[in-house]
Amino acid sequence: MTKYNPVNEEVLDALRAIVGAEFVKNDAETLERYKTDEEPDARYHHLPEVVVLPGSTEEVAAIMKLANKYLVPVTPRSAGTSVSCGAIAVCGGIVLLLERMDKIIEMNTEAMYMVVEAGARTVEIQKLANDAGLLYAGDPCSADSCLIGGNIATNAGGNKAVRYGTTRHQVYSIEVVTPTGEIVELGNRLKKCSTGYCLDQLVMGSEGTLGIITKATLKLLPLCPYRLDILAIFTDVQKAVDLVPALIKAGLNPTSVEFMDNGFVRVASDYAELRLPHYEDGSYVIVTVETFNEDELDMKMEQLDEICTACGATDVVEADERVWKVRRSCLEGSKALSKVSTSDDLVVPVDKIAVCLNHLMEESKKYDFECMCLAHAGDGNLHFNVLKMDMSDEEWEKQVSEFHKICYAYVYSIGGRLSGEHGIGAKKLHALAEYCNPVEMSIMKTIKRAMDPNNVLNPGKLIDAEI
Ligand SMILES: Cc1cc2nc3c(=O)[nH]c(=O)nc-3n(C[C@H](O)[C@H](O)[C@H](O)COP(=O)(O)OP(=O)(O)OC[C@H]3O[C@@H](n4cnc5c(N)ncnc54)[C@H](O)[C@@H]3O)c2cc1C
């Protein structure tokens, strides 16, 4: 285990010399603010020793050189909406906050791309593209607050991934500061390329363990002018999830296919103060279809109605913003039911989503906690939310840990993986070590050691490179 050095006065002075004294913060209030991300469980919290806000790529590079020289760990951080403890400085040291680097550098509507700094807010990027009649297709549900660098680092998914893919599919190239402080542009603005290893794709999704993303060239797409949202309501959960492969096979190319079980329907509707049909007993599937012409939309609307009815939907209604309000209220709604909860992010082949949902919901009934399921169903990506009810802390921890073990073993047995979009972070590091193929794990460690020989960049995340 690396023995890191403390951030002493010498390091602080060197940091001040790089970014300016006002951007080096180590007062108690700031350190307290950055001891966690979205993680509510205090067992995972860890105070950084200093929070540094660089203003340029060169400053980020200088900070990484300094971290190697003094052997101080660095945790890159964007908006801190990570739900896998990714942005927590689990080994202390420097939190490197990218929010100052928030410029939109270039918007090219002819060639359809946008160059942004890593701290640009995702919602601003989406809005700017839309205002120009274009689409930036990355759309995590946290888009209002998260930053593009955080999205690229985690390969964020979200509501539109079923049609457009995840964040890595929206990126032409990234500017990266390597763990040893070199600056490099990875990827390029090409439609195809067979020229060497695909290093941009390696860094994207590496959760800030292989490099700090400082800039990105993003792909823009034509914006579909026609859109339809439907809400298909099922009183039989099995039938609701069976709808997913049927939609995909029909070639409807939906933009979103979101599933909420009845537990989530209730808590989210209560939180949003909205009652949609079958609040008491329905599971919801929200399907969005977008087209470039009106006739195609009408045709798809008919097709959708037929497929949903054939799959056993109790009701199929044209949906409006209220449905999305309910969908967006899921997490907050579940917090209103229990202050202590944990959300998991699993991914399975799309054709296995029904069997997985049924199996794990049945398993969850053996425990005293409450379990609810939400899914980016079109991607095979399931979020099981487990809520502490009337039980002791010890019992809660024991039962959640047992349930997670059952979930992880099961998803691997059907070809799934530990995370579809939230990443491994610090939270699932041990689980990945347990379930990952040993050869794959060994390759990942070899890459990490080669790129970060002093293990200073985001240690304690994704893999433990030292064992
Ligand atoms: C309400 C809510 C809804 C969410 N919905 C979704 C969803 O639909 N889909 C989804 O995928 N996720 C979702 N998330 C999780 C989270 O928003 C995403 O992981 C998001 O991409 C994190 O962005 P961020 O700017 O907050 O990054 P942070 O949380 O600050 O960082 C995330 C990880 O990336 C690293 N990192 C951050 N910036 C950089 C950088 N510039 N270079 C290198 N590494 C970096 C950090 O060290 C950390 O490991 C949701 C979270 C919440 C709270």
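Q: A salt bridge is a side-chain nitrogen of Lys or Arg within 4 Å of a carboxyl oxygen of Asp or Glu; what makes K335 and E332 a pair of this kind?
A: The side chains of K335 and E332 come together at 3.3 Å, N to O, and since the rule asks for a distance within 4 Å, the pair is therefore called a salt bridge. This is a predicted model, in which local features need pLDDT of at least 70 and side-chain atom pairs count only at pLDDT 80 or more, while totals for chains, interfaces and linings use all residues. Residues are numbered from 1 along each chain as its sequence is written, and side-chain values use heavy atoms, with hydrogens and water left out.

Q: Why are K335 and E332 said to be separated by about one helical turn?
A: Both residues belong to helix α12 (residues 330-337) and are three residues apart there, which means a separation of about one helical turn. Helices here are DSSP runs of H or I with at least four residues, strands are runs of E with at least two, and both are numbered from the N terminus; the protein chain has 16 helices and 18 strands.

Q: What makes K335 and E332 partly exposed?
A: Buried means under 20% relative accessible area and exposed over 50%, with partly exposed in between (1.4 Å probe, protein chains only). K335 has 39% and E332 has 36%, so each of these residues counts as partly exposed.

Q: How do you know that K103 and E117 meet in a salt bridge, and what does the pair tie together?
A: The N to O distance between the side chains of K103 and E117 is 3.6 Å, and the two meet in a salt bridge. K103 lies in the loop between β4 (94-97) and β5 while E117 lies in strand β6, so the pair ties together parts that are 14 residues apart in sequence. K103 is partly exposed at 48%, whereas E117 is buried at 9%. By the salt-bridge rule the count comes to 24, and E9, D13 and R16 are linked in a network of such bridges.

Q: What makes the phi values of M112 and N455 worth noting?
A: Most residues other than glycine have a negative phi. M112, which is not a glycine, has a positive phi of about 55°, and N455, also a residue other than glycine, has a positive phi near 50°. M112 is placed in the loop between β5 (104-108) and β6 (113-117), and N455 lies in the segment after α16 (438-451).

Q: How do you know that the radius of gyration of the protein chain agrees with that of a compact globule?
A: The radius of gyration is taken over C-alpha atoms, and the globule rule is 2.2 Å times the number of residues to the power 0.38. For 467 residues a compact globule would have a value near 23 Å, and the protein chain has 23 Å, so the two agree. Along its principal axes the C-alpha trace spans about 70 × 60 × 45 Å.
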